[in-house]
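Me: I am new to this structure and would like to learn how to read some of its features, one step after another. Could you take me through them slowly?

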Amino acid sequence: IQMASAYTTFANNGKRSEAYFITKIIGPNGKEIVHEQSPKQKNVISPELAKQMTSMMLAVYDGQYTGAICEPAGYQVAGKTGTVELTLGNKNLAGYNDEWFVAYTPDVVVTSWYGFDQTTEKNYLAANAPVTSHISFKQVLTGVLNASPRTPFKIPSAANQNYGGSYSSSSDKDDKKKNVKKKKELIDKVIREGKDLMKQFKRIF
């Protein structure tokens, strides 16, 4: 739930939404015992940085990247995936301690963690398992997105942006230098604001 709350920052253009385990409780007589919550929001990063991060994380689920097989047909999602390599010390075992996924749209953030409370040679995520966490997460994500407003992203995926090209003329070389400078300034800004973001995340976690 902390991870889901953290990633709402990118979906909400820099505003982090406080997460709730329970939104409301309805009693047997149909009356609300606990009223529906209105999530509190806090500005964490600039809208510009949030868009830049979303552009990069759209690439995670596009093309041939780590989350591509999890993206449901007809949808575009942004996010991050992660794995922890096996730490059992047995070279004959192929797999992971655990795996996690975060995917979001302008409407919703979905997070999932797969693993065991204690990883052993009998309890671990096998690399050759017939049912993988990717398949399970895609099923969960599909169900959630089907019930969402389906608001599309208005931000291009970094996977579809061309940063290359050939240069020959002097004007082209000048343009290349300007582009390199702009990219450096952008990277410096992302790093600077990213450090501020990590400070905010430490408060969350």
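Me: Which residues is T8 in contact with, once its neighbours within four places in sequence are left aside?

Reply: Contact here means heavy atoms within 4.5 Å. In this model, which is a predicted one, T8 is in contact with K15, R16, S17 and V109 when those sequence neighbours are set aside. T8 itself has its place in helix α1.

Me: Is T8 buried or exposed?

Reply: A residue counts as buried when its relative accessible area is under 20%. T8 has a relative accessibility of 13%, and therefore it counts as buried.

Me: Which residues that line the second largest pocket are the closest to its centre?

Reply: The second largest pocket has a volume of about 260 Å³. Of the 13 residues that line this pocket, the closest to its centre are T8, S17, D107, V108 and V109. Helix α1, residues 2-11, gives the largest share of the lining, with 4 residues, and by class the lining divides into 7 nonpolar, 4 polar and 2 charged residues.

Me: How do α1 and α2 pack, and at what angle?

Reply: Angles from 65 to 115 degrees count as roughly perpendicular. Helix α1 and helix α2, the latter spanning residues 47-58, pack at an angle of about 105°, with their axes 8 Å apart, and the two helices are therefore roughly perpendicular to each other. Where they meet, Y7, T9 and F10 in α1 face A50, M53, T54 and M57 in α2, and this contact has 5 nonpolar, 2 polar and no charged residues.

Me: What is V144 in contact with, apart from its neighbours within four places in sequence?

Reply: V144, which lies in helix α3, residues 133-146, is in contact with V108 and V110 when those neighbours are left aside. V144 and V108 are 36 residues apart in sequence, while their C-alpha atoms are 8.4 Å apart in space. With a relative accessible area of 31%, V144 is partly exposed.

Me: Which value does phi take in N13, and which in R150?

Reply: For N13, phi is near 55°, a positive value in a residue other than glycine, and R150, also not a glycine, has a positive phi of about 65°. N13 is found in the loop between α1 and β1, whereas R150 lies in the loop between α3 and α4. At 40% relative accessibility N13 counts as partly exposed, while R150, with a relative accessible area of 51%, is exposed.

Methods:
Residues are numbered from 1 along each chain as its sequence is written. This is a predicted model: local features need pLDDT of at least 70, side-chain atom pairs count only at pLDDT 80 or more; totals for chains, interfaces and linings use all residues. Side-chain values use heavy atoms; hydrogens and water are left out. On a 1 Å grid over the protein atoms alone, a cavity is a set of points where a 1.4 Å probe fits but cannot get out, and a pocket is an open set with protein on both sides within 12 Å along at least five of seven lines; lining residues have an atom within 4 Å of a point. Grid points are joined across faces, edges and corners, and a volume is the space filled by probe spheres set on the points. Ala, Val, Leu, Ile, Met, Phe, Trp, Tyr, Cys and Pro count as nonpolar, Asp, Glu, Lys and Arg as charged, and the others, Gly among them, as polar. Axes are lines fitted to C-alpha atoms, for helices over the stretch in contact, and angles run from 0 to 180 degrees between N-to-C directions. Angles under 35 degrees count as roughly parallel, over 145 as roughly antiparallel, 65 to 115 as roughly perpendicular and the rest as oblique. Buried means under 20% relative accessible area, exposed over 50%, partly exposed in between (1.4 Å probe, protein chains only).
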